[in-house]
Amino acid sequence: MRSNSCGSDLLLPLSERLRLPVEQVNFAMCQVFGLFAAFLFRYYLHPSRTSHVIRHVVITLLGLHFAFFCFGRYAIHFLGEVILLYCVMVTVHIKNIHKYSFLVAMAYLTICQIIRVYVLDGEELSADFSGPLMVITQKVTKLAFELHDGLARDEKELNLSQKRLAVRRIPSLLEYVSYTLNFMGILAGPLNSFNDYINFIEGRNFEVGELHLANGKERKMYPQNEPSPLRAVGWKMLICTLCVFMHLSLMEEFPVTYNNDDDFIMRRSMPVRLLYLYISLLACRPKYYFAWTIGDAVNNAAGFGFNGYDSRGKPRWDLASNLNIANVEFATSMKMFIDNWNIQTALWLKEVCYDRCPFNRTLMTFLLSAVWHGVYPGYYFTFMTGMFMTLAARAVRSNLRPYFLGSPAHKAFYDMMTWVTTQVVVSYTVAPFVLPFMDLSLKFYRSWYFGLHIIAIVLILVLPRKPKCALKEQERHQVIKPTDTMHHCNGHLNGQAPMVNNQNHRMKID
């Protein structure tokens, strides 16, 4: 059976043999080809012997080729949004560049999603050309906010993250197109900052610090030998292989739609239904793991993604990583799950919304996430439910956790219970995301009598809200010695600040 998408049918025989949609096969093969192209790009077009212009041109043309191979005529929208937003960037006053860019980009994305879902009536469901548009929208809006921070705001107004990401000049058209349409991220991301990308193109991405010279000047320090990404790429490709195996073996055995089966709902007990809900949602995750991990591997193979060295002196290639699988599967809170799932999108939401919104930051962040994901009703069910679950989890954690920190046994029991609770809550929350139509989403929640919604609202209303400083002090009394507490208090009395972690790269909504 021929594909109903406008992408290439070259791999149709292979897709029929694998019993997979040709769109999925096209995506996977482009990413595998992109992996080899990335190694060649890094070796033959290394910035030490190739001009920046050539690197920009090659990386963009290959990205456009991938886009048209996978999405056919719909890839025009990718180029159209980029050109439209570049025109906005160079014509709008710098003080308003972030506002107009955000509104135009989100409007363009939403119109395309409405057309795909309601005008095309789902014909292009398997070839979801809005996926790359979502990443492009993230990039153009992120860059607009970073330009506003770098050119229109006072340095004193910026937090540490905004200072690092601020862009101090208007990019050229070639740089803009290369940043948004390069082959390393055109199909599945990951999102990255413009500064990091330009450093990669121009060969400055391996700086590890600054050397202060005797004459008062500073000189960038580089490792003696450029670190190799082979180990990181090999490990990520192994993960991809396991994800493909799990996807092919689990999806047909545990379909999510079975959660809405009338006979299953009537005959099975609540614990059995909960267990199946968890397993069926677990079976959905490997395809996301594959897409994000192979995208990360392609970036690493090209030399992008170096993030310094760990405590053992080994290179880290996680600058643009989009997930931490272990922390997702063993998350003991909603915050831990959110922080490690689609990491770059969480950072984008934090940068463009959570850090800047003057009111109801949690609500507006989840609402933006829903709008950005698409126009299916199930997406709004998921993210609005997620908001309530996050607020409830925050209330429970602040009121109960300090009582379980007195001993390792109590802490282990708390962690086990919160892991089970988190997995159940996450499965309940995200089910409408994969059952996206209104009737399916409502049927699912009705079959559970909106139980977790009611519990979450009750917890939010009943449990007292504790200030963060009081919570931290309460936890300290549970886990440290009285002498340590006295030393900590004396430090405050003497005007000394305690050591804190300045890494503010996670969305603080828990």
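**View 1. A salt bridge joins D296 and K236 in this predicted model.** The closest N and O atoms of D296 and K236 are 2.8 Å apart. D296 belongs to helix α12 and K236 to helix α10 (residues 230-250), so the pair ties together parts that are 60 residues apart in sequence. D296 has a relative accessible area of 4% and is therefore buried, and K236, with a relative accessible area of 11%, is buried as well.

**View 2. K142 and E351 form a salt bridge.** In this pair the closest N and O atoms are 2.6 Å apart. K142 counts as buried because its relative accessibility is 8%, and E351 counts as buried because its relative accessibility is 8%. A search of the whole structure finds 19 salt bridges, and D149, R153, E157 and R356 are linked in a network of such bridges.

View 3. D263 is partly exposed, with a relative accessible area of 41%, whereas R267 is exposed, with a relative accessible area of 67%.

**View 4. R273 is buried yet has no salt bridge.** This residue is found in helix α12 (residues 270-301), and the nearest side chain of opposite charge, that of D262, is 9.4 Å away. Leaving aside residues up to four places away in sequence, R273 touches N259, F264, I265, R268, S447 and W448. One of these, F264, lies in helix α11 (residues 262-267) and counts as buried because its relative accessibility is 4%. With the same exclusion of residues up to four places away, F264 touches Y258, N259, R273 and Y276.

**View 5. Helix α3 (residues 52-71) is covered by several other helices.** Its 20 residues reach 28 Å from the first C-alpha to the last, close to the 28 Å expected at 1.5 Å a residue. The buried residues of α3 include R55, H56, I59, L62, F66 and F69, and what covers the buried residues includes α2 (22-44), α4 (76-91), α6 (130-151), α8 (173-181) and α9 (194-201). After α3 comes G72, whose phi is positive, near 60°.

Note on methods:
Residues numbered from 1 in each chain as written. Predicted model: local features only at pLDDT ≥ 70, side-chain atom pairs only at ≥ 80, totals over all residues. Heavy atoms only, no water. Helix = DSSP H or I, 4+ residues; strand = E, 2+ residues; numbered from the N terminus. Buried < 20%, exposed > 50% of the residue type's maximum accessible area, 1.4 Å probe, protein only. Lys, Arg positive; Asp, Glu negative; His and termini not counted. Salt bridge = Lys/Arg side-chain N within 4 Å of Asp/Glu carboxyl O. Contact = heavy atoms within 4.5 Å. Expected span 1.5 Å × (residues − 1).
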